[in-house]
Amino acid sequence: MSLYYEPLTYHVSQEEDGILLKTILQSRMHLSRKLLSRLKLTEQGITVNGERQYISIRVREGDLVEVRMLKEESDDILPQPLPLDILHEDEQLLVLNKAAGMIVHPTHGHYVNTLANGVVHYWQQQGKSYRFRPIHRLDQETSGTLAVAKNPFVHQQVSEQMQAHQVKKEYIALVHGVMEDDQGTVNEPIDRDPDQPHIRIVTPSGYAAVTHYRVERRFREATMVRLWLETGRTHQIRVHMKHLGHPLLGDKLYLLGEPTAAVQTDADTETARSEGSAVSGGLGGAGASAWGLDRHALHACTLGFVHPGTKRWIEFEAPLPDDLTRCVERLEEFG
């Protein structure tokens, strides 16, 4: 069995005759400095026409440059058979529809029943060896599209697209109240609440955060809204919707009033362990449980980016999950 993943390849063109191999690797193949440093220490990490080479050599027209990354495993993640909803898989990427209530990666006190446990088991059953590398995170109670890179190059490439705001990430949320504007933008900085560090607040001294939204449907006392982000602050959508006076249905952490003392959260900001409880009040006095919810109503519906391997745009849709579908039906019945 090979020690390496399938190589990344590049053929030197006539115009590139005589340039440094380092330029090919960084400017044409777009390898990061960190990855390049690792490859230089790997036996077959960087080759030209099948021979290992220093990156200081000059390449010639027609040369075949190949980059090989060592296969990896997630030795610290316990394989566990768990149901997975796979939207797409190829040799470089895995895209899933994460279920609400599932933590993405093991954290202190939560070593099993995470998405990572299930994915590592799935790969193991296929005889595959990959390290679990989620390209982005979703809160425990948020459902929807999530991409996992199968090697460090893919992780680097899509992460750079995210930093350059070139990744399409859209969410569907159900919020309290009827939003008046059909669309808008919330441009308000976010940071930790100094009195409750597990909670984020809008504050002038915070980090830049921009959320765009468009109303999809209006109900009697609630609104379905589509959102997309320019930044990726922790709990950004939930904080910004609360700031607008329209907190998410089912969100116990971000109410218009103060969160209850019963809410407990992990130090890892990926999850808020008790966020999915019913919100009391509003909607004619009925709590969120009256609408079939036991978590905040947020779903990552769309994910799109340029595939690092094919260089083509790919886009994935995760349908509205059953609990949010039932919630919409009840909102329709309510008026």
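# Reading a predicted fold: a tutorial

Modeller: A hairpin joins β5 to β6 through three residues, and β5 (residues 86-89) and β6 (residues 93-98) pair in the antiparallel sense over three bridges. This is a predicted model, in which local features need pLDDT of at least 70, side-chain atom pairs count only at pLDDT 80 or more, and totals for chains, interfaces and linings use all residues. Residues are numbered from 1 along each chain as its sequence is written, and side-chain values use heavy atoms, with hydrogens and water left out.

Biologist: What counts as a strand, and when do two strands pair?

Modeller: Helices (H or I, at least four residues) and strands (E, at least two) are DSSP runs numbered from the N terminus, and two strands pair if DSSP finds at least two bridges between them. In β6, for example, L96 is the bridge partner of I86. The protein chain as a whole has six helices and 16 strands.

Biologist: In what order do the strands of the open sheet of four lie?

Modeller: The order is β1-β4-β2-β3, with antiparallel pairing. Because β1 (8-11) and β3 (51-52) stand at the edges, each with a single partner strand, one side of each is left without a neighbour in the sheet. Strands β2 (residues 46-48) and β4 (residues 64-67) pair in the antiparallel sense over three bridges, and I46 stands opposite V67 in β4.

Biologist: How many residues of helix α3 are buried?

Modeller: Buried means under 20% relative accessible area, exposed over 50%, and partly exposed in between, with a 1.4 Å probe and protein chains only. Helix α3 (residues 115-125) is mostly covered, since eight of its eleven residues are buried, among them L115, V119 and W123. The buried residues of α3 pack against β5, β6 and β8 (143-149), and just after α3, G127 takes a positive phi of about 75 degrees. Over the 335 residues of the protein chain, 50% count as buried.

Biologist: How many disulfides does a search of the whole structure find?

Modeller: A disulfide is a pair of cysteine sulfur atoms within 2.5 Å, and the search finds zero of them. As for individual cysteines, C301 is buried with a relative accessible area of 5%, and C327 is buried with a relative accessible area of 0%.

Biologist: What is a pocket, and which residues lie nearest the centre of the largest pocket?

Modeller: Rolling a probe the size of a water molecule over the atoms shows where empty space is left. On a 1 Å grid over the protein atoms alone, a cavity is a set of points where a 1.4 Å probe fits but cannot get out, whereas a pocket is an open set with protein on both sides within 12 Å along at least five of seven lines, and lining residues have an atom within 4 Å of a point. Grid points are joined across faces, edges and corners, and a volume is the space filled by probe spheres set on the points. The largest pocket holds about 810 Å³ of space, and of its 33 lining residues R137, K169, Y171, L229 and G232 lie nearest the centre.

Biologist: Which elements each supply at least two residues of that lining in the largest pocket?

Modeller: They are α4 (152-163), β9 (168-176), β14 (222-229) and α5 (236-243).

Key. Contact = heavy atoms within 4.5 Å.
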